[in-house]
Structures are given as C-alpha cells and as structure tokens.
Amino acid sequence: MSRTDMDDFAVANLSRRGFLKGVAAGGALLIAASWGWREAFAEERKYGADGMEHGWVDDPKVFLALGADGLVTFVCSRSEMGQGVRTSLAMVVADELEADWAMMRVAQAPGDEQHYGNQDTDGSRSMRHWFEPLRRCGAAARQMLEQAAAERWQVPVGECRAQEHKVVHVPSGRSLGYGELAEAAAALPVPARDSLRLKAPEQFRYIGKESTRAIDGADIVNGRAVYGLDPRFENMLYAVVARPPVYGGKLKNLDASAALQVPGVLKVLEIAGSPLPSEFQPLGGVAVVAANTWAAIRGRQALKLDWEDGANAAYDSVAYRQAMSRAARAPGKVVREAGDVEAVFAGGGRLVEAEYYIPHLAQAPMEPPVATAYFADGACEVWAPSQAPQVTRERIAERLGIPFDQVKVNVTLLGGGFGRKSKPDFILEAAVLAREFPGRHVRVQWTREDDLQHSYFHTVSVEYLRGALDADGKPSAWLHRSVAPSIGALFGPDPRHENPIELGMGFVSMPYALPNLRLENPEAAAHTRVGWYRSVSNIPHAFAVQSFIAELAAAAGRDHRDFLLELLGPARRIDPHSLGDTWNHGESPTLYPIDTGRLRAVVEEATRQAGWGRELPRGRGLGLAVHYSFVTYVAVVLDVEVKDDGTLVVHRADMAVDCGPQINPERIRSQMEGACVMGLGNTVVSEIAFKDGRVQQSNLHQYEVARMPLAPKTIAVHPVRPAGEVPLGGVGEPGVPPVGPALANAIFAATGRRIRELPIRNQLKGWREA
C-alpha cells in the first residue's frame with residue numbers, strides 16, 4: 001500500500017459503506033456503482049458519529065414518547081443481540097430526562113436511517129457514537145417539560161426543575177407529573193442544541209451506576225420478547241433452502257418429484273444466485289415451501305440435486321494452509337517499515353521465528369438466521385434479526401425491482417449476531433420467496449447445519465514472525481508477515497491483500513517501541529465467503545503478536561510482563577496515522593490516539609490482580625496478553641492448569657479494561673465475561689475446515705464452542721479509569737483478541753509447550769512425557 005492510497009482512505013466505521021471505502025482504498029474493484037462509493041470519496045473526511053452514513057439524530061420527538069400515564073417509551077434504533085444496548089442507551093436518555101426508571105419502556109425502531117440516523121450495529125460503537133446525541137435528546141425533553149410546567153403555572157421557567165419524573169416549582173413546592181405535562185410539552189419546539197443544560201457527571205442517577213435493571217430483561221426471561229423466529233401470521237408459509245455446497249457453485253439438475261409428494265410441501269422453486277463476488281446476495285439454490293417448517297425440511301431431504309461446484313471445488317484447508325505458509329516465508333507487500341530489519345538479521349545475535357495458524361471460524365449464533373417476508377401490491381415488509389436494516393432495505397429493493405420506500409424492515413431481537421446478521425442474504429431469500437406468494441407471509445428458516453455450512457466465515461490466517469534480540473536481550477528487529485484472505489473478496493474480484501481496515505486491527509497499528517520493523521502482507525485468495533466475526537482481524541493479529549512477544553521474552557530469559565512493559569516503552573500518545581493506520585476504528589486520531597500509558601495501565605492492573613509472579617506447580621501457569629482494539633485497551637491474565645491427560649482447567653481470568661467513561665458497568669463486565677468464554681472457544685475447540693470446497697463441520701458436535709468445563713471458574717473484570725478526560729471506547733469486541741494468546745502463554749508457563757496452531761484440541765496430550 002502506498003502512502004497515497006492510505007491517505008485517501010477515509011472511513012468511519014465498520015458499516016457496509018465504510019468497509020467499501022476501505023476496500024476501494026486498498027485498490028480493489030467494486031462491482032456496483034449503485035453503492036455510491038465514488039461520491040462518498042468526495043465527502044469531507046469525518047470521524048466518529050459524524051462519519052457514519054446518515055450520522056446521528058438527537059431529536060426527542062424521534063426517540064421518545066411520553067404518555068398521559070407518565071410512561072416513557074424510548075425508541076431504540078440499534079439492534080439488540082445480547083449486548084444490552086437497549087438498556088444502556090435508555091439509561092442515558094432517562095438520566096438526562098430525570099425519568100423514573102420504573103416508568104421507562106423500550107420499543108424497537110424499524111429500519112429507517114433517514115429518520116433515526118445510522119442503524120448499523122457493529123464495530124463496538126453504539127454507545128460511543130450515540131452517547132452524546134441521546135444525552136441531548138433526554139436533556140431537550142426535560143427542558144420541554146420544564147417549559148410546559150412554567151407555562152401552566154405562569155412562572156419563569158428558571159423556577160422550575162425536573163426531579164424524578166415530575167417538574168417542581170421550586171419557590172412554591174408545587175409539582176406536576178410528567179404524564180400531566182406530556183401533551184403540552186410535545187407541542188413545544190425542541191430547544192436549540194446550544195441552549196441545552198446537560199447534567200454534570202456527579203448528578204447522574206443511572207449512568208455509571210450498577211443498580212439499573214435491564215429494561216427488557218423480564219420480557220426476555222418470560223418469553224414475551226420477540227426474536228426472529230417469533231413473528232406469526234395467519235396463513236403463513238415456511239421455507240428452507242438447499243444451497244450449493246461449494247461457494248460459487250450452481251444448480252445443474254433438479255428432480256423435485258419426491259419432494260412434492262411430502263405432505264405439506266406446496267412448491268419447489270429455484271432461487272437464483274449471484275456471480276462472484278457475491279456480496280450480500282443469496283447463494284442461490286432450491287427452496288422448498290411448505291405449510292410448516294418440518295414439512296419443508298423433509299421436502300428438502302427428498303430433493304434430488306446435482307450441483308456444478310465451480311471454481312472453488314478444490315478448496316482444501318490442509319493444502320491451503322500449506323500454500324499460505326509458503327507465502328508467509330517469501331517477501332510480501334510492505335505495509336509498514338522502520339529501520340533496517342535485514343541488516344539486523346544479517347548482523348547475528350539471537351534470532352527467534354515462529355509461525356501461527358488460525359483457522360476459519362463460524363459466528364454460530366444461538367438463533368440461526370431466520371426471516372419472514374410479505375409481498376403485496378409492489379411493496380415488501382420483512383421481520384428479521386438484522387444488524388443492518390439499511391442495507392437490507394437497499395438489497396431487497398434492488399432484488400425485487402421496487403422502490404426503496406416500498407420496503408419496510410422490522411428489526412426483532414437477535415439471538416446472537418457476532419457479525420453474521422450484518423449480512424442480509426437470508427432476508428433476501430425470504431423476500432424473493434414472498435414475491436412468489438403475494439399476500440402471504442413466508443418465513444425462511446436456516447437450520448444449525450445451514451448456518452455452519454453456508455456462513456460468512458472468519459478468515460483463515462498464517463502469521464509468520466521473525467525477531468532478533470540484542471546482547472542485552474532486547475528486541476532489535478521485528479518482521480511480521482500476515483497472510484489471510486480478505487473480506488474485500490466479497491465486494492471485488494480477486495483482492496489478494498488485506499484491506500486497510502483489516503490491517504488496522506492490531507497489525508500496522510502495533511504501538512511497540514521497535515527500532516527496526518517491517519510488516520508485510522503477502523497475497524492470499526479467498527475461496528469461501530469471508531465475513532466479519534466478532535473482533536475481526538484483531539483475533540489473528542493479537543494471537544501472533546502477543547504470542548511472539550512472550551516467545552521473545554522466554555528466549556531472552558526475561559519475565560514476560562517486564563519484557564512487555566519495556567517493549568511498550570515510555571507512556572506516549574501515538575497518532576495512528578504515523579503508523580500507517582488511517583482507519584483508527586473510524587475515529588479521529590486527535591481524540592483517539594493510541595496511548596501506550598493506558599496499555600501499560602491495563603497490563604499492570606491485570607497482573608496485579610492475578611498475583612503475577614507467584615509460584616505455581618508444574619502444570620499450572622499464568623499467561624498474559626494485551627490488545628488495543630475498537631479504541632479500548634484490554635489486558636488478560638489467565639490462571640491455567642494443564643491436567644496430565646492434556647485437559648485444560650482455567651481457574652481464573654483477570655481482565656483489565658480501559659474503555660474510557662463507563663456508562664453501564666454491568667454491561668461492560670458482561671461483555672468482557674462473554675468475550676473471555678468466546679475467546680477460549682476460539683482457541684481450544686472451534687474450527688471450520690474445508691475439503692473439496694465443502695465445509696466439513698455440520699453441527700455443534702463437530703463445530704464446537706466453549707462448553708461449561710472450559711469456562712473459567714472465576715472471571716474478574718477490573719475497570720481501569722484513565723487519567724484525565726478521554727472519549728468513550730467500545731466494549732463489545734475488544735475483550736476477545738487477548739484471550740487466545742493469554743491462554744497460549746499460560747500453557748507455555750505451565751508446560752513449556754508452545755501453542756502455535758489453533759484450535760488447541762488434543763495438542764497437550766502427553767505433554768508430561770514430551
């Protein structure tokens with residue numbers, strides 16, 4: 001990548017459009033002018049919430065409804081997938097509104113970014129991009145209630161104060177409940193932004209406090225909450241789809257006669273696929289539409305199908321790993337360079353090299369993809385667990401050839417997302433089928449097997465590193481080659497390199513004080529749908545970097561923690577652009593520099609809490625890793641025991657997190673806890689592998705996720721409060737990347753065996769005899 005390319009790369013977030021900007025800046029071709037990316041490049045560079053497509057909205061009349069009964073309904077425009085965003089955002093509004101939490105309700109907004117602002121729920125940015133707008137929203141509503149009360153009493157508004165769901169006339173002590181003021185307040189104009197009185201932090205009742213209950217928790221545990229599977233309609237139809245087993249494959253022959261004999265099966269029809277790259281379009285295949293899901297599944301089993309596998313028929317994970325390994329041992333595209341690495345390597349000293357392998361992963365949300373669609377009179381309405389309602393509307397309109405404003409997307413709760421439900425291919429399937437049955441609702445149900453075999457997989461990766469230690473045991477040179485198929489392959493033909501967003505995830509943005517450094521990105525082709533997965537490319541980059549630092553420390557005979565802190569160097573604030581990272585998670589490099597002091601602080605806190613340095617018996621060890629992602633700093637120490645039979649027991653996880661101001665501490669803690677368990681699953685058991693172009697895992701007995709025995713007995717989350725004022729960071733994804741290398745480093749401390757290949761599975765059997 002040239003500096004010119006990188007300077008031209010203006011991207012704000014991981015939204016679809018933002019991602020496309022990054023892809024384009026990486027030199028890839030795009031397949032559809034209708035995306036408007038050329039126009040986007042002409043825009044002035046913006047960051048954060050301002051840089052999001054459709055930006056933000058802070059109008060209380062958009063997000064709040066106050067009834068005469070005093071109930072406040074907050075309309076949440078972000079998608080809830082278990083991260084608690086509906087509670088956290090409602091807390092912000094309620095605090096500024098001076099609302100009684102017991103009187104707060106939440107409703108889900110349909111997909112309408114022109115009205116609600118950006119709705120792409122990804123990139124760990126819901127809170128950091130919406131905190132300020134929703135504060136203003138609540139404050140504006142509070143001031144409108146105060147104004148309404150003042151007019152009712154005919155007193156100066158300065159004598160009226162909102163307090164706990166009522167407005168009080170301070171001199172007289174009179175009060176009016178919010179419900180009594182609702183109609184009059186709603187008729188008032190929204191105060192100008194510069195006239196708003198925001199609370200001081202010490203006045204917050206909910207923000208930063210632990211005691212606020214989940215706003216929809218009761219509905220979720222009582223079964224009243226509506227997930228993607230839940231919408232029911234009279235005379236509804238159900239469908240499942242047989243998809244090409246190989247990415248890019250096509251249907252060659254179909255015999256549906258047996259399927260049509262299955263009781264309940266109504267129709268068998270083909271869904272057209274899309275030429276590669278497929279973007280978010282359905283894979284194509286054959287749909288069986290029936291009176292119920294079971295009949296549709298049985299009908300699909302009875303289909304006689306003959307597929308033409310296409311260009312990816314030979315995709316084989318074993319062979320591809322070997323090819324990536326060969327690529328990693330040869331020079332690649334240089335994406336960052338300082339000093340003269342080769343001169344140091346040629347000069348002698350102690351050299352250390354390692355290669356790390358991270359396989360494909362599947363998001364495997366608890367709720368597989370599901371969507372219901374209705375088509376009539378040239379309009380389409382869908383109900384779906386979507387992280388991206390805007391792109392869903394766009395793609396449905398394009399696919400059905402109807403106006404954009406004739407598409408409505410109702411967003412249900414998501415039974416897990418992890419990036420899978422940012423892609424609307426499964427919703428498009430429902431829309432296409434609904435058009436075949438106008439006036440009837442059609443649900444497309446993916447089974448667990450469908451999801452695991454036809455997902456947008458996390459990329460596979462080989463990371464090769466070579467380092468040199470000087471006579472004092474300090475690292476004097478660092479070479480890192482990252483080889484991984486790019487998500488850009490979804491959008492453009494043959495992008496052989498990771499794009500700037502992927503490279504900015506802990507690779508070019510690596511902040512260590514290394515005098516001689518070269519980072520290279522050799523070519524790698526994609527042979528399946530590669531998509532974003534919670535934490536995205538931070539996972540392979542963190543695993544390699546944090547493992548290799550531990551390997552260097554061991555080679556130098558140094559304590560890992562001390563070595564890591566020394567490598568971080570003195571506390572300093574680094575402009576990511578100076579490292580070649582022009583993405584910076586879509587945030588301003590001025591507001592969001594990489595702060596090595598904050599990295600140091602989370603390392604010190606995690607190790608302090610874990611009792612770093614204490615003596616442990618052979619077979620038990622502490623492992624450390626730290627990573628900066630989504631503008632948040634997380635360090636993890638795992639206390640791990642390796643049993644004689646190779647079984648792992650994670651006794652304790654200490655996670656120190658600095659995400660700046662903490663809005664909902666309970667959610668921060670739960671996000672870190674979930675990230676820890678997910679990271680352990682990624683590292684120990686999870687793998688998607690291909691042979692003859694086909695995914696080899698069919699269900700959770702083969703694609704394993706972390707189960708209870710692997711979960712830490714204790715996960716202790718330690719918030720670290722940075723010095724001074726800093727902006728908000730993300731919390732949904734930053735916890736995952738350091739978990740894997742912390743586990744590998746703990747295993748090394750316990751056994752002396754270095755883990756370089758994931759998943760670990762049975763690699764530790766016989767470790768005592770080795």
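In the predicted model, Trp 478 has a relative accessibility of 0% and therefore counts as buried, and Phe 548 is likewise buried, with a relative accessible area of 0%. The rings of these two residues form an aromatic pair, with centres 5.2 Å apart and planes at 80 degrees; since planes over 60 degrees apart count as edge-to-face, the pair of Trp 478 and Phe 548 is assigned to that class.

By the pairing rule applied here, the count comes to 13 aromatic pairs. One of them joins Trp 101 and Tyr 206, whose ring centres are 5.6 Å apart and whose planes lie at 50 degrees, so the pair is classed as tilted. Trp 101 is found in the loop between α6 (85-97) and β3 (104-108), whereas Tyr 206 is found in the loop between α9 (178-186) and α10 (217-221), and the pair therefore ties together parts that are 105 residues apart in sequence. Trp 101 and Tyr 206 are both buried. Elsewhere, a cluster consisting of Tyr 315, Tyr 320, Phe 457 and Phe 690 is linked by ring pairs.

Charged side chains also lie over aromatic rings in the model. Arg 136 is positioned over the face of Trp 56, at 4.8 Å from the ring centre, and the charged end of Arg 754 sits over the ring of Phe 748, at 4.4 Å from its centre.

Conventions:
Residues are numbered from 1 along each chain as its sequence is written. This is a predicted model: local features need pLDDT of at least 70, side-chain atom pairs count only at pLDDT 80 or more; totals for chains, interfaces and linings use all residues. Side-chain values use heavy atoms; hydrogens and water are left out. Rings of Phe, Tyr and Trp (its six-membered ring) pair if their centres lie within 6.5 Å; planes under 30 degrees apart count as stacked, over 60 as edge-to-face and the rest as tilted. Helices (H or I, at least four residues) and strands (E, at least two) are DSSP runs, numbered from the N terminus. Buried means under 20% relative accessible area, exposed over 50%, partly exposed in between (1.4 Å probe, protein chains only). A charge sits over a ring if NZ of Lys or CZ of Arg is within 6 Å of the ring centre and within 35 degrees of the ring normal.
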